[in-house]
Amino acid sequence: ACADPLLNSVRRSGRRAHDIPLPFDELSRELPAIHEFGTQAVEFFDDAEPFSVSVAGGARGSTLAANSVSCKQGWSGSWSCAPKAVSHIVCGHRGTVEFGSPSYAAAESDGHVEVHVVRSGGGVGSVAVRYALHHLNTTDADVSATARYTSAQELVFLPGVIELAFRVAIHDDFELEEDEAFELELYDARVPSTGEPVSIGAQRRTRVTIEDDDFWVAGAAATSVVDPEAAFAAMETGTDTVFTVATRTPTGLARSEALALKQKLVTTVRPADPLQTDSCVHWLDGVYNC
């Protein structure tokens with residue numbers, strides 16, 4: 001017989017002599033409500049899931065554990081999968097889907113944030129779920145709800161898939177600003193072929209923080225030519241002109257690393273060929289001879 005390990009009360013009141021140890025993935029299972037140890041509240045069992053006998057029949061064997069995988073999205077919308085351990089052998093179900101974490105964070109220059117959605121039950125059958133993006137202090141100029149070159153805000157768990165890691169695109173604006181945040185929300189979980197509803201867990205929302213990293217980046221508005229009058233006067237002579245550029249962050253601080261991080265400076269000006277450039281030589285902190 002198959003049944004949810006939650007029903008044996010090991011988590012509720014402790015393991016008895018005749019109880020088998022809890023499966024390893026049950027140890028990390030999160031419940032939506034907090035109950036004190038030994039509680040008699042019947043609500044403790046509300047999240048028990050309907051297990052049944054399920055045979056995977058996949059390429060790597062007939063057990064659910066032999067066929068369970070975690071899949072990760074690439075930039076073009078393609079997915080790559082790798083085995084991921086579960087305790088399920090022949091007992092499982094379609095699962096409850098939810099986010100893998102209540103929060104995620106990425107630097108603005110990362111270009112994307114990777115968000116994980118998981119389902120319990122060992123990966124029986126196919127499950128689809130949609131997600132929505134809710135701006136907190138972001139706008140469409142800061143973030144897109146999908147990976148680049150994709151537009152579908154629906155995730156499909158094929159048989160055996162127990163985790164999907166999808167990408168949300170972040171747009172770097174190179175402006176010094178406070179950290180920004182948005183939320184993602186799961187909804188409309190169902191069996192694709194029949195439309196039968198599938199449960200969404202307590203972690204149906206997650207908060208994503210975009211960490212501004214422009215403090216140490218060279219800003220064009222704060223970067224200038226040292227002694228510009230002399231440099232411009234030399235340019236008017238019609239000969240190659242060597243001048244010095246001081247890179248500064250948007251706050252006005254010198255930062256020698258800033259050039260390599262974000263900016264490539266125009267260096268040598270030749271009146272006969274104004275588009276030609278050479279390389280800068282680092283001299284002092286945030287100062288380059290060109």
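A salt bridge here means a side-chain nitrogen of Lys or Arg within 4 Å of a carboxyl oxygen of Asp or Glu. Take R130 and D188, whose side chains form one at 2.0 Å, N to O. R130 sits in strand β8 (residues 127–135) and D188 in strand β11, so this pair ties together parts that are 58 residues apart in sequence. Strands (E, at least two residues) and helices (H or I, at least four) are DSSP runs, numbered from the N terminus. R130 is partly exposed, at 29% relative accessible area, and D188 is partly exposed too, at 32%. For the record, buried means under 20% relative accessible area, exposed over 50%, and partly exposed in between (1.4 Å probe, protein chains only).

Keep in mind that this is a predicted model, where local features need pLDDT of at least 70, side-chain atom pairs count only at pLDDT 80 or more, and totals for chains, interfaces and linings use all residues. Residues are numbered from 1 along each chain as its sequence is written, and side-chain values use heavy atoms, with hydrogens and water left out.

By this rule there are 12 salt bridges. D4 and R29 make one of them, at 2.7 Å, N to O. D4 lies in the segment before α1 (10–13) and R29 in the loop between α1 and β1 (52–53), so the pair links parts that are 25 residues apart in sequence. Both ends are tucked away: D4 is buried at 2% relative accessibility, and R29 is buried at 16%.

Now for a charge without such a partner. R167, in strand β10 (residues 161–169), is buried yet has no salt bridge; E114, the nearest side chain of opposite charge, is 4.7 Å away. Lys and Arg count as positive and Asp and Glu as negative, leaving out His and the chain ends. Beyond residues up to four places away in sequence, R167 has contacts (heavy atoms within 4.5 Å) that include W75, H112 and T146.

Out on the surface, D110, E178, D179 and E211 gather in a patch of negative charge. Patch residues have over 30% relative accessible area and no salt bridge; like charges are joined within 9 Å, and nonpolar side chains (Val, Leu, Ile, Met, Phe, Trp, Tyr) within 5 Å. D110, in the loop between β6 (103–107) and β7 (112–119), is partly exposed at 44%. E178 is exposed at 59% and belongs to the loop between β10 and β11 (180–190).

Notes. Areas by Shrake-Rupley, 256 points an atom, 1.4 Å probe, with all protein chains shown as cover. Charge placed at Lys NZ, Arg CZ, Asp CG, Glu CD.
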